[in-house]
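Subject: Structure handover

Hello,

Please find the structure below. My notes on what was found in it come after.

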Amino acid sequence: MSDSHIRYKVESWDSLQHLFKVKKINDHTLHFLAAFESKLDYSRLWKSLAVAAEAFPLLKCRFNEDGRRPYWESCSYTEDEMLTLIETEDVNSAVNQFLVSEVDELTGPQIKLGVIRNTQADTLVILMNHMLCDAAGFKDYLYLLSSIYNNIEKDSDFHPPVSGSRRLSQINQMFSLKDRMKILFSKNDMSAHDPARLQLEGDLNNPFIEIRSIPEEIFLKLKEYARRHNATINDMILSAYIRTLYETFGYAFPIPSTVDLRKYLPGHKAEGICNLCTNLTCDIGPDIGISFEETLEKVRDSMNKEKSSNACMKSITMLEKVFDVLPYRLAESIVNKSFNNAPIAFTNIGIIEKKRFYFDELKIKNAYMTGSVKYSPYFQLAVSTFDNKPALSVNLFGSKADQDKISVFLDKVVLELYGV
């Protein structure tokens, strides 16, 4: 059987992420970077990529929506089409250029790896189509690739199990029938958003990622401050974000914040690499309080209330039912009209686990993950943490003036945290 006859099911979140690009919300490419102090074994990385694609075959597929229902069509992509070695002494320029390149779902493959190498060390950049997975799923892939790299040298026949179910049903089955009915009839309008928008020019020819890293010593102080106030680091960064937005707009408004639905699963582990996320809404009212502490308390209380409810499941459950039951084009049209993204949002990608992402004894100087690149006027602050060092990021197709504006904005968020 030729590859072109092998098909894999497109899940509802896959279709929604595709729609986000069609609607010019984001480019649905996830980005990861790891800077090493020395060089990777390129040949072993190449082999690891091949084995990882056997475990997660959608990487070698293209998105096909020509028929009644879309599907992932297996293609004969080679590892050389997925992995590129770039040797240069201008590492920063090469990294920045590769980091903002896109993955094309219609032509595939659905992943791109770049090893940017100078005479001393490598920087590894990995891009994956957001249609395949959310940030937590992307981390699962990173851990998979790392595990293969670390095992394949000792065992050339090392093959991890094939990735399992990508369906939302693995979450739904954790709820009783009574709880499912409560979710179905809960009040959870994920399409009602405040109209506040940053004044951005936008530039489709200029994607960029603006990063701010927080040193470990500051991060540990923030963790201790959060602990004393029965809050989380997520609450801390969200508070700094809201205070900066308040300075910009003169009032506070609800902020959608991504939540990982794997929290409902045993060990927070999904069956496969997939999208299992939705949004909570942090709504502290129109006033932030006087001090950072007052803002934090409002954010903490709002987020605790949101976390105690299962209402966030409603929108994603309805999404899956619509795409499962209705013809694809009709389902897409309904979702297109009824589902709106917030102009301003927040996502905490979480911790990239140092004990699970490593390559032999190579020391990683720096690592971070960011979400997709937004189209103006959409704006999102993302946070990821590696080795006790958070990285705050904003991604945008924007002009030089936009980049300057976002640079100032990020500096203000960081200053809020430093001032604690």
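A residue counts as buried when its relative accessible area is under 20%, as exposed when that area is over 50%, and as partly exposed in between. Please keep in mind that this is a predicted model.

Cysteines

With a relative accessible area of 0%, Cys61 falls under the 20% cut-off and is therefore buried. Cys274 is also buried, its relative accessible area being 0%. How many disulfides does the structure hold? The count is zero. A disulfide needs two cysteine sulfur atoms within 2.5 Å. For Cys61, the nearest cysteine sulfur belongs to Cys75 and is 6.6 Å away, and Cys61 is in no disulfide. For Cys274, the nearest cysteine sulfur is that of Cys133, at 8.3 Å, and Cys274 is in no disulfide either.

Salt bridges

Side chains of opposite charge can pair when their charged atoms come close. Searching the whole structure gives 26 salt bridges. Here are some of them.

- Lys60 and Glu79 form a salt bridge through their side chains, at 2.8 Å from N to O. Lys60 sits in the loop between α2 (42-55) and β3 (61-64), while Glu79 belongs to helix α3 (residues 79-82), so this pair ties together parts that are 19 residues apart in sequence. Lys60 and Glu79 are both buried.
- Glu210 and Arg212 also meet in a salt bridge, with an N to O distance of 3.2 Å. Both of these residues are buried.
- Arg243 and Glu416 make a salt bridge at 2.9 Å, N to O. Arg243 is in helix α9 (residues 233-249) and Glu416 is in helix α13 (residues 400-418); the pair links distant parts of the chain, 173 residues apart. Is Arg243 buried or exposed? Its relative accessible area is 14%, so Arg243 is buried.

There is also a network: Lys9, Glu11, Arg167, Glu320 and Asp324 are joined into one by salt bridges that share partners.

Surface charge

Which residues gather in a patch of negative charge on the surface? They are Asp287, Glu293, Glu294 and Glu297. Of these, Glu294 lies in helix α10, which covers residues 292-307. Glu294 has a relative accessibility of 34%, so Glu294 counts as partly exposed.

Regards

How values were computed. Residues are numbered from 1 along each chain as its sequence is written. This is a predicted model: local features need pLDDT of at least 70, side-chain atom pairs count only at pLDDT 80 or more; totals for chains, interfaces and linings use all residues. Side-chain values use heavy atoms; hydrogens and water are left out. Patches are made of residues with over 30% relative accessible area and no salt bridge: like charges are joined within 9 Å, nonpolar side chains (Val, Leu, Ile, Met, Phe, Trp, Tyr) within 5 Å. Accessible areas come from the Shrake-Rupley method with a 1.4 Å probe; for residues, only the protein chains shown count as cover. A salt bridge is a side-chain nitrogen of Lys or Arg within 4 Å of a carboxyl oxygen of Asp or Glu. Lys and Arg count as positive and Asp and Glu as negative; His and the chain ends are not counted. The place of a charge is taken as NZ of Lys, CZ of Arg, CG of Asp or CD of Glu. Helices (H or I, at least four residues) and strands (E, at least two) are DSSP runs, numbered from the N terminus. Buried means under 20% relative accessible area, exposed over 50%, partly exposed in between (1.4 Å probe, protein chains only).
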